[in-house]
Amino acid sequence: MTPAWVRLALKDLRLEWRSRELMNTLLVLSLALITVGELSFHDLDESTIVAAGLLWLSFAFTSSLGLARSFTAEHDRGTLETLLLLPVPRGALFFGKVAATSLLLLLLQAMNLALIVLLFGIPLSLATALALAPVLLLATLGVASAGVLLGAVAAQTKGREVMGPVLLFPVLLPALIAGVHATIEILNGAPLHHVGTQLALLFGYDLAFLAVAWLLFEYAVEP
Amino acid sequence: MSRYRPLLLGATGLALFVLIYLSLAVAPEAAFFEAPLTQRIFYYHVPAATAAYVAFGITFLGSLYVLWNEDKQGVEPRLAEADRWAAAAAEVGTLFSVVALVTGLLWARVEFVFNYNAFQDPKVISLVALIVAYLGYFALRRGVSEPTKRRRLSAVFGIAAVIGVPLTYFTSRVSVHPEFLRDGQDVSGGMLGIMFYGMFAFALLTVTLVDLRRGQLALADRIDALEESS
């Protein structure tokens, strides 16, 4: 028997696999951002700093737009009422959404990273990639859990397309800052234990927001 | 609280007047700074920053009260009151955040003579995050027209923002922000005392402003209710 949240996450992923509604748009957006960044900062010497900055800049834009979208479909198609009627705890709805969103954002981050590495010609060894993995993983999980909560809030407002990024920015800021600092260090060749502070901060952010968002989610989706 | 309002207003006015006198005439020159005269802005800068966080705390407590008691019976007027406190404190908090940011940047410009990267300073970043969070809070309130829904959703955001903003403080690396208490600088001559007095005066001002604004919001709600019933 698969737990409810896993099946809810699979439902979201299957939907995205069939329509590719979100990923296609977000990929084009990040492609545009990274290309403009490459063209603007081409002659700079500190290519690792620019690359890390661009990676997180495109992540900030695409994730806040994508997270704002994650609940609009549920509202427009009336799926939310059905989901709320399911005989599962509200927490399962939350964790399902977080799991699916994290996976999609992680895929997006990986593609952005590959693109940036290619465009900027950064030597990305296996060790660097492995060191980057926990940073991206932790940041994405935190961004997804805070984002699912605030995405659900934003979806119920007027002008929700703008409201999503407006609500998300101040709340996502610590995760984004910690992520960009850790990425710069790692791309410059620092081993993983050098970014321990940032990793601890991201871990704390994840724990705090998984807990808080799980507790508040009920209030955010109530009709 | 309206019975005490004249008293509160009078006390606040007096406290602020005394602060002006203390900060400009009584406080000694901070000789260890490049710009000792400009340093006097501290007696407004530090209290404004603490007042902003106090107001943020009121918003948080009001939001918590709303969500905690939402399902209970017969608490509707008290929920509306808590929501008004949260909204009023958010407005006052934005004002003081901007005051703290502007006074701080003004001082840094004179003291460091442009050699200052403000956005590497954790206090600047978290203050900016605080302002943006408050602006998001207002946008959210404007974006929901149904009162109970607005109350619930803005409470959710009020709590989420309180978790996010302080974390911003720990993400920044270098701080050039002066730390009076830590560096063991010469703060004799009652400088510290006047600063703490300033915090007290600004806390009083915060309570007064939040109370006035809360009263206005209560009147606005009454007008809305009357219009609906007529």
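## Basis of the model

The structure is a predicted model, in which local features need pLDDT of at least 70 and side-chain atom pairs count only at pLDDT 80 or more, whereas totals for chains, interfaces and linings use all residues. Residues are numbered from 1 along each chain as its sequence is written, and chains are lettered from A, with ligands numbered from 1, in the order in which they are written.

## Chain B

Chain B holds 7 helices and 0 strands, where helices (H or I, at least four residues) and strands (E, at least two) are DSSP runs numbered from the N terminus. Its pattern along the sequence is α-α-α-α-α-α-α. Of its 230 residues, 38% count as buried, a term for residues with 20 or more other C-beta atoms within 10 Å of their own, as against exposed (12 or fewer) and partly exposed (in between), with C-beta atoms placed from the backbone.

Among the contacts in chain B with a separation of 6 or more, 82% join residues 24 or more positions apart; two residues are in contact if their C-beta atoms, placed from the backbone, lie within 7 Å.

## Helices α1 and α7 of chain B

Helix α1(B) and helix α7 (residues 191–229) of chain B pack with their axes 9 Å apart and at an angle of about 150°; axes are lines fitted to C-alpha atoms, for helices over the stretch in contact, and angles run from 0 to 180 degrees between N-to-C directions. The two helices, α1(B) and α7(B), are therefore roughly antiparallel, since angles over 145 degrees receive that name, while those under 35 count as roughly parallel, 65 to 115 as roughly perpendicular and the rest as oblique. Their crossing is left-handed, meaning that the near helix is turned anticlockwise from the far one by less than a right angle, with clockwise giving right-handed. The residues of this contact divide into 13 nonpolar, 4 polar and 2 charged, where Ala, Val, Leu, Ile, Met, Phe, Trp, Tyr, Cys and Pro count as nonpolar, Asp, Glu, Lys and Arg as charged, and the others, Gly among them, as polar.

Ser23(B) lies in helix α1 (residues 5–26) of chain B and counts as buried because it has 20 C-beta neighbours inside 10 Å. Beyond its neighbours within four places in sequence, Ser23(B) is in contact with Arg40(B), Tyr43(B), Ile194(B) and Gly198(B).

## Helices α7 and α9 of chain A

In chain A, the axes of α7(A) and α9(A) come within 8 Å and cross at roughly 20°, which makes α7(A) roughly parallel to α9(A). This crossing of α7(A) and α9(A) is also described as left-handed, and the residues of their contact divide into 21 nonpolar, 2 polar and 1 charged.

Leu149(A), which belongs to α7(A) in this contact, touches Ala213(A), Leu216(A), Phe217(A), Ala220(A) and Ala160(B), leaving aside its neighbours within four places in sequence.

## Where the chains meet

Between the chains, 28 residues of chain A are in contact with 26 residues of chain B. The elements giving two or more residues to the chain A side are α7 (126–154), α8 (160–187) and α9 (196–221) of chain A, and the largest share, 11 residues, comes from α8(A). That side divides into 22 nonpolar, 4 polar and 2 charged residues.
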